[in-house]
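Please examine the structure shown below.

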Amino acid sequence: MKRLFVFTLVMTLFSFTVSAQNTGSLTGTVRDVQNGSPIVAATVNVLPAKRSAITDSLGKFSFVDLPTGIYTVTVTSMGFETTTQYNIPITSGNIYELSFELNRDLKITEGVTVTSSRKSARATSLETPLSVQRLTTEEIKSNPGGNFDISRVVQSLPGISGSDALGNGYRNDIIIRGGAPYENVYYLDGIETPVINHFSTQGSAGGPLGILNVSFIEDVKLSTSSFDARYDNALSGVLDFKQKNGNTQKVQGNVRLSASELAATFDGPLNKKRDLTFLASARRSYLQLLFKAIDLPLRPDYYDFQYKVAYNPDAKNSFSVIGVGAIDQFKFGEIRKPSLDKFIVLDNVPKNDQWNYTVGGTWKRSMTNGFFTVALSRNKFNIELKKFDDNDESVISKRRLDTKSQETENKLRIDVSQNFSGLKITYGVSGQYVSYYNNSFIRRRAEIRDNSGNVVQPADIFQYNTNIDFARYGLYIQAGKRFFNNQLNISAGLRTDGNSFTEHGNELASNISPRIALSYSLTKELNINASAGSYTRLPPYTILGFQQNNIFLNKNAEYIRTNHYVAGLEYLPKPTLRFTVEGFYKRYTDVPVSLRNGISLNNLGTEYSAFGNEPIVSSGKGEAYGIEFFAQQKLTKRLFGFGSYTYVVSKFSGLDGKLIESAWDNRHLLSFTLGYKLNRNWEIGLKYRFQGGLPYTPFDEAASRINYSTQGVGILDYARFNQLRLGNFQQSDLRIDKKWNLKKVTIDVFIDIQNWTAFKSPVLPQYTFDRDLNTKAFFTTDNHPLAADGSNAIPKIILESDSAPLPTIGFIIEF
């Protein structure tokens, strides 16, 4: 606290030395959301500056010499809804680029015009009238404890939890309404981006750190149900990231130093006359240095890169090319102060080297009554995992895990959106060419002999080499219309998907996914909404490509299916304030179940390795249900924030067909995030999260004793699956920012303290053998060397809980 006081005092004194009032610039475009064409002669108002501008023939507007500060920007145009964006920071360092997409003017009873905008507190649309939230880039950047990581920030939204309650607070697993982490899909400017985290779990999606650079993001839309039919493979959630375009005036940039990385971002025009712009960034980790300094045995190291090029040759056509990629390396280091929990990490966690990229291009062309989009993309994920007993790679007999795997997808998607007298119809087709390679050696159990040489446990080893290519395809249609003077909105969609690999993959009739959504305006502030839909997902490639004796054991895997039923109310007393309440029920069928241990694979996916490399049967069922409350206040003067409470129950069945509380059965989720802007460019943010304790499985004492010396981890007793429950998780984070606007340069210094209240976090118990911390030798009951079957070991259960605050001081320099 003393250091925090000194830091605050120094920044306060320095703030009085900078008294010059500098200015900044704001530019942007205004388009018709129906057909993507620019809106000419729209009026753009900036408050509280009381400045206005008119859009030109390309829908562009510009403001210069705006005093630095926070603004609200409103766009009005005859025949369109009034649209407002809040919390727009104008600085002296960078030009701020905005984009508006205006809906056609809506009328309800009594002829009242509805102000409905994706940038006001309202987040819904005709296709998705509920179960949807939006966050702007400023809400992400200023989120306490978020570390500029989008995956971490969204965990504060209703129905969302991470793996914090499992003691994995350093991971970005996104668990939505009791579903598994692999059930979500991610889109970046309309291009599907399967990997958005560093050190990602193959077959799932989570990892410790996000890849996407928040400086690129304009806003994020999260849908937790009522999915638009154009999205395939979504069971629990769709995260749609909309990126900014580079500014058209000058080349500019920013440098950011945060808790784990140093990042540099640049944007600007490539050709001003042709409206050709770029965004580009690179980030470098220094986590390996931090982990060494605090004496952790892991040494994670990563780079990532991101770019976007946008070209708008005329009013009807727009082109964009995007790319994002990462290089991750995972090593072990020497530890200065040994402890049992550090030895557990060294004994259990595999070396993990991986790289990935997604590149894609989009062409969008306006038509009289709509537009069409063509998207072509390619994504690739490469991962190598290794683990040897004692981490000794020189002895082949000590090999426990040795996997080299690669996933490649080449995708083409064509979407058409048209309006016919108020009837909106969207339809399209998609195709993929998939390549999957996996060369794996997996020792589930080593051969164990007793002191007499008798085999007490035979070896259980999988070794295979998969190299497959196949096609995936899908088609969809979605239609929506407003009735009774726009008081009732109805949208319905149909989708089907297929593939050429699984036994029933080409049976399109079996994979039909219908959906319907309704919204009724009780008053101009209060809506009642409901939706029902059936959604499918192809199992991960790790499951499909698994072999034994050159036979694909999982080729009969079915598409996983979940049916959603949701209803709720949305209340908007004013454009900046939103309240929602929703009840939801999800029913799962054809969920993969492990033939090895009999549990549903929907309980897995948060491990630092791979998920799904085993034989399965598509016989699992599941259900998740609950209720959500959400409130959001957009920034208008000084205060902004949002809060939510969710009650959720999650259950899945194993081979026995019985529904059992899943690994995501939190029951209670509570969070709130508040921000307050003070005078002299000071800002303070506070976040609090509570997650109910999760179920977990106790150890099989006998099996753990036999296998620990060759597995480095305890063996779970699946006969007592999820019969115990951890304590509750809670954490509060605090962030303070101070910004200086110098001439053509802006400096933002921040301090972010995660868990500043020092709450203790629950952790899963860890099984180990007691040992000498200096020599690493195991203690034994007979003072002899450790027996191969562990019969003379001294087992210990470690229950370490971390309550230490984690402070970070960083900066952002715009120039």
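**Strand pairing and cavities**

Asn 254 stands opposite Glu 814 in β47. The model is a predicted one, in which local features need pLDDT of at least 70, side-chain atom pairs count only at pLDDT 80 or more, and totals for chains, interfaces and linings use all residues. Residues are numbered from 1 along each chain as its sequence is written, and side-chain values use heavy atoms, with hydrogens and water left out.

Strands β17 (residues 252-257) and β47 (residues 806-814) pair in the antiparallel sense over four bridges; strands here are DSSP runs of E of at least two residues, numbered from the N terminus, and pairing requires at least two DSSP bridges between two strands. Strand β44 (residues 745-754) also runs antiparallel to β47, joined to it by nine bridges. In that pairing, Thr 746 stands opposite Glu 814.

The structure also holds 13 cavities of 30 Å³ or more. A cavity is a set of points, on a 1 Å grid over the protein atoms alone, where a 1.4 Å probe fits but cannot get out; lining residues have an atom within 4 Å of a point. The volume is the space filled by probe spheres set on the points, which are joined across faces, edges and corners.

The largest cavity has a volume of about 480 Å³. Its lining comprises 34 residues, of which Pro 194, Ser 204, Glu 407, Glu 409 and Arg 537 are the closest to its centre. Two or more lining residues come from each of β11 (184-188), β22 (351-367), β23 (370-388) and β24 (399-420), with β24 giving the largest share, four residues. The lining divides into 13 nonpolar, 13 polar and eight charged residues.

Definitions and conventions
1 Å grid on protein atoms, 1.4 Å probe; cavity = no way out; pocket = protein on both sides within 12 Å on 5 of 7 lines; lining within 4 Å. Nonpolar A, V, L, I, M, F, W, Y, C, P; charged D, E, K, R; others polar.
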